[in-house]
Amino acid sequence: LNHMAAEDVRDETFADASPASRQRDGAFFAIRGLGTLPPVVPAPMAGYGDRAWREIIRRMGCRLVVVPMVSAEGLARGDRKTLGLLDIEGEIAPVVVQIFGSRPEGLAEAARRLESLGVSGVDLNFGCPARRVAAHGGGAAVLKNPALLADLVGAVRRAVALPLTVKMRAGWDESAPGVEELVRVAEGEGADAIALHARTGKQMFTGEADWDRIAEAKRAATVPIIGNGDIRSGEDALRMMRLTGCDAVMIGRAALGNPWLFAEALDRLGALGRSGESSRQPSPDERLEMMLEHARLAARWKGEVRGIVEFRKHAVCYVRGLRGAKHLRQALVSCSTLSEVERAVESYRRRAGGVIR
Ligand SMILES: Cc1cc2nc3c(=O)[nH]c(=O)nc-3n(C[C@H](O)[C@H](O)[C@H](O)COP(=O)(O)O)c2cc1C
């Protein structure tokens, strides 16, 4: 599969999303208002999940993409910088926008604004453990208090008719409230799907995700559960689904520099509409080509200098593990134009003696 052109991957995937084929392909799942979706969903990642990234991963079979972490209060105020994070004009639907906040009225007003902007859905962030967010009572800190969780989800539900999803962790810490209660509250207040990152807020990114918590969420919920945490391969995606019964999997970090992982996971879950395809890792040369394409998109959507400077952290991911790439890496972390990126790649290829395999 990985040798297929990106466009082919997309066609293969979406060809099967038509109503007639839904019954045929049991791997797909549905979220109220968002229709039938492939069972692999990209994780929202602040600082990475911009328009260029969303375009790249759509070519890899992702359909439901999300703009990460927009401040509800900023949106509600109509703050220009916050609105600037919403680089969604003319983007292919569905595009969901994730908001965070700790005031019901702030979240509700933000959701109304998003509805008037024509977004496909709203996702509420109850997973971010960063002090900047949690210290203000938003993100994962909400999970300490089921009554607040209920107020926040309920306020958005009453404010808009849009599909409403929730992304949460497996509680704030090991003490109550646990997954079962939190899932029931979110669903009871009108969440249409719940993505669960199977770590607690307090854990930040340490330790391992505890997939048993995903199984627990699945048992407690009637809406779709999207399992998340530590998927690094198509095999992992399949294993999570089998172990937890979740409806879809969400992949974050492991796809950075390796967007092929989405297609690989879809393939493994039988959702690419092709059987018997063997997935393989992209060659180093394919990775460099993808990186260049990503850089071009970043420059297109953000303007060249800002686009490329913000692209640097993606660039580093693309060259991770590439042989003899020390100079290339050094050049990439200081480039600020597209031609600098291109020259860095050319020079690496020259040093490696032509085509890299
Ligand atoms: C750099 C980075 C940024 C993230 N930003 C967000 C975010 O904006 N919203 C959110 O809900 N989760 C965010 N997360 C958490 C991921 O969505 C995901 O839950 C987590 O990385 C676990 O999945 P993974 O093991 O597949 O990476 C972020 C994670 C990382 C590493």
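Modeller: One term before we start: buried means under 20% relative accessible area, exposed over 50%, and partly exposed in between, with a 1.4 Å probe and protein chains only. Helices (H or I, at least four residues) and strands (E, at least two) are DSSP runs numbered from the N terminus. This is a predicted model, where local features need pLDDT of at least 70, side-chain atom pairs count only at pLDDT 80 or more, and totals for chains, interfaces and linings use all residues. Residues are numbered from 1 along each chain as its sequence is written, and side-chain values use heavy atoms, leaving out hydrogens and water.

Biologist: How many of the nine residues of helix H12 are buried?

Modeller: Helix H12 covers residues 260–268 and is mostly covered. The buried ones include Trp 260, Phe 262 and Asp 267. The count for H12 is eight.

Biologist: Which strands are at the edges of the sheet?

Modeller: Strands pair if DSSP finds at least two bridges between them. The open sheet has eight strands with parallel pairing, in the order S3-S10-S9-S8-S7-S6-S5-S4. An edge strand pairs on one side only, and these are S3 (40–42) and S4 (65–71).

Biologist: What angle does the direction of H12 make with that of S3?

Modeller: H12 packs on the sheet, touching S3 and S10; contact means heavy atoms within 4.5 Å. Axes are lines fitted to C-alpha atoms, for helices over the stretch in contact, and angles run from 0 to 180 degrees between N-to-C directions. For H12 and S3 that gives about 160°.

Biologist: Which residue in S10 stands opposite Val 41?

Modeller: S3 and S10 (residues 248–251) pair in the parallel sense over three bridges. Opposite Val 41 stands Met 250.
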